[in-house]
Amino acid sequence: MIWQWYLDPALLAGLAGVTALYLVAIGPRRDRFPGATPVGLWRVAAFLAGIATAALALVSPLHVLGERFLLSAHMVQHLLLTLAMPPLLLLGTPDWLLRPLLRLPIVPQVAGFLTSPVVAFLVFNGTFALWHAPALYDLALRVEWMHALMHQSFALTALLSWWPVLSPLPELPRLSKPAQVLYLFLQSLPPTIIGALITFATIVLYPTYATAPRLFGLSPLDDQQLAGLIMWVPGALVYLVALSIVFIAWLEGEETGRHPAPGAQP
């Protein structure tokens, strides 16, 4: 039972449906989208990697392992849904694929509000912190629809949180490079704080894991400390790596601006 796959029909249909719609839209139906251009292989690979990451988190044995046995496995699942899947999906989505949505009533106003840096930061981190409150987290482990809602809210708000850095739409623009550096640094703080609180807790915070069958010789408190470290270190490190990439691109842009190519207009 430990290595059981979670083959929920609705979940599988959703992942397959999104994948099929994407491939059809960028392929045989691309001419239906104004201004559509061919999508590069790297974009397609990024989007499919995002779908594969979602499947790894929600379909593979990692889901059952995290739901029934180990908080540390559950934490890996959450990081996949918030730090790996969203940036891959955004990188893989061309602007022309989303632009028709901006023609719908009130969508530009709502999207502009939700993807603004302050709102995106607060909505994602508030949602993430709230679900990790012991009472709500443990309730979600015992109520299936709440568990699904938790994962859906993580994924959707994480997409918002990455938007100011990886927006595919000029109409909902990315931050400037210096602002991205600051934004990503601030994003690294909540997982550090929450992860540290979980790591240094001296009692088991989530009763479900206190009574779960033990695996790999981990006691409930050992498992909890490992989960906190997973959120703390990799959770913050992803943002710091992204920050470093943006910072280097910013410096290279500044250098190019100071030393234009021969023949370029001043």
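The questions and answers below walk through a predicted model, one feature at a time. Because the model is predicted, local features need pLDDT of at least 70 and side-chain atom pairs count only at pLDDT 80 or more, while totals for chains, interfaces and linings use all residues. Residues are numbered from 1 along each chain as its sequence is written, and side-chain values use heavy atoms, with hydrogens and water left out.

Q: How are helix α2 and helix α4 oriented to each other, roughly parallel or roughly antiparallel?
A: Helices here are DSSP runs of H or I with at least four residues, numbered from the N terminus. Helix α2 (residues 41–58) and helix α4 (residues 71–91) pack with their axes 7 Å apart and at an angle of about 160°, where axes are lines fitted to C-alpha atoms over the stretch in contact and angles run from 0 to 180 degrees between N-to-C directions. Angles under 35 degrees count as roughly parallel, over 145 as roughly antiparallel, 65 to 115 as roughly perpendicular and the rest as oblique. The two helices α2 and α4 are therefore roughly antiparallel.

Q: How many residues of the contact of α2 with α4 are nonpolar?
A: Contact means heavy atoms within 4.5 Å, and the residues that meet include W42, F47 and I51 in α2 and L81, M85 and L88 in α4. Ala, Val, Leu, Ile, Met, Phe, Trp, Tyr, Cys and Pro count as nonpolar, Asp, Glu, Lys and Arg as charged, and the others, Gly among them, as polar. In the contact of α2 with α4, 3 residues are polar and 1 is charged, while the nonpolar ones number 17.

Q: How many of the residues of helix α3 are buried?
A: Buried means under 20% relative accessible area, exposed over 50%, and partly exposed in between, with a 1.4 Å probe and protein chains only. The buried residues of α3 (residues 61–68) include P61, H63 and E67, and what covers them includes α2, α4, α8 (134–142), α9 (144–166) and α12. Helix α3 is mostly covered, and its buried residues number 7 of 8.

Q: Which backbone oxygen does the side chain of T19 reach?
A: T19 sits in helix α1 (residues 9–26) and counts as buried, at 17% relative accessibility. Not counting residues up to four places away in sequence, T19 touches L48 and I51. At 2.8 Å, the side chain of T19 reaches the backbone oxygen of L15.

Q: Which residues is N125 in contact with, leaving aside its neighbours within four places in sequence?
A: N125 is found in helix α7 (residues 117–131), where N125 counts as buried at 11% relative accessibility. Leaving aside neighbours within four places in sequence, the contacts of N125 are Q187 and P190.

Q: Where is F216 placed?
A: F216 also is not a glycine, and has a positive phi of about 55°. F216 is exposed, with a relative accessible area of 58%. The place of F216 is in the loop between α12 (207–210) and α13 (220–258).

Terms used
Polar contact = N/O pair within 3.5 Å; in protein donor to acceptor, adjacent residues only side chain to side chain.
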